[in-house]
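These are my notebook entries on one structure, written up in the order in which I looked things up.

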Amino acid sequence: MNDRSASSVRSSYDRLAPDYDRRWRHYVEATLRATLDGIEVEGEERTLDLACGTGTLEQRLLDCWPGLRIVGADLSRGMLSQAASKLTDGKVNWVQASSSRLPLADSSFDLALCANSFDYFRSPLEALAEIRRVLRPGGRFVLVDWCDDYLSCKACSIWLRWTDSAFHQTYSQAECENLLERSGLQPIASERFKIDWLWGLMRFVGCRTTSS
């Protein structure tokens, strides 16, 4: 992501941050449920939430598995500020970073998550390659985003390209699976489903293979 693109996304979400949870409550609830449904953990995994937003997923994760060790990364300082205000007990480390350039060590996470955010990544292959890099061999990745296979989502995507300078693009299920494979992440499970008349989601579970 170049500096101009990063600045556009960061500025957009800094403005949205104070009102984000209220404005997108229904959609966020549905996508977080879909993300949690894709997770299989023992409860002490080192976990990365990429583009963590206001930290709602971190709250849900720790409610279910209080022993998780979580890093939440986001480009927007405003979103991170909202997240940090929800979780003040030091159980989550917050990192301001681009999805395509993570200041995190190789092979340092057991699980990586990305919910509601992939359509804003200017360099999706670079972001997925970074996820593969920071996952240990055998580590898993769960991706949830809205799906361009649904006509309503495709129409929203076209509208957002005209109205939201931070938006990049949405993908079909096949396109997203192809991006995962090209980045070196092996898809394990893939599905798409509607959450209401407008929004259709897709969920992928992938892993970094021991040979990659």
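This is a predicted model: local features need pLDDT of at least 70, side-chain atom pairs count only at pLDDT 80 or more; totals for chains, interfaces and linings use all residues.

Residues are numbered from 1 along each chain as its sequence is written, and side-chain values use heavy atoms, with hydrogens and water left out.

Entry on the pocket. I took a pocket, on a 1 Å grid over the protein atoms alone, as an open set of points with protein on both sides within 12 Å along at least five of seven lines, a cavity as a set of points where a 1.4 Å probe fits but cannot get out, and lining residues as those with an atom within 4 Å of a point. Grid points are joined across faces, edges and corners, and a volume is the space filled by probe spheres set on the points. The largest pocket has a volume of about 430 Å³, and of its 19 lining residues R23, W24, Y120, L160 and D164 lie nearest the centre. The lining divides into twelve nonpolar, three polar and four charged residues. I found that α1, α2 (20–23) and α7 each supply at least two residues of this lining, where helices (H or I, at least four residues) and strands (E, at least two) are DSSP runs numbered from the N terminus.

Entry on the cavity. I counted one cavity of 30 Å³ or more, and about 380 Å³ of space lies in the largest cavity. Among the 28 residues that line the largest cavity, A51, C52, G53, D74 and S117 are the closest to its centre. Two or more lining residues come from each of α1 (3–16), α3 (25–37), β1 (46–50), α4 (56–64) and β2 (69–74). This lining has 17 nonpolar, nine polar and two charged residues.

Entry on helix α6. Which residues of helix α6 (residues 124–134) are buried? I listed P124, A127, L128, E130, I131 and V134 as buried, the term meaning under 20% relative accessible area, with exposed over 50% and partly exposed in between (1.4 Å probe, protein chains only). They cover an arc of only 155° around the axis, which puts them on the same side of α6; the arc is that of the directions from the helix axis to the C-beta atoms. S99, in the loop between β3 (92–96) and β4, counts as buried at 8% relative accessibility. Leaving aside neighbours within four places in sequence, S99 is in contact (heavy atoms within 4.5 Å) with L50, F121, A127 and E130.

Entry on aromatic rings. Rings of Phe, Tyr and Trp (its six-membered ring) pair if their centres lie within 6.5 Å, and planes under 30 degrees apart count as stacked, over 60 as edge-to-face and the rest as tilted. I found nine aromatic pairs in the whole structure. One of them, W24 and Y27, is edge-to-face, at 6.4 Å centre to centre and 70° between the planes. W24 is partly exposed at 30% relative accessibility, whereas Y27 is buried at 7%.

Definitions and conventions:
Ala, Val, Leu, Ile, Met, Phe, Trp, Tyr, Cys and Pro count as nonpolar, Asp, Glu, Lys and Arg as charged, and the others, Gly among them, as polar.
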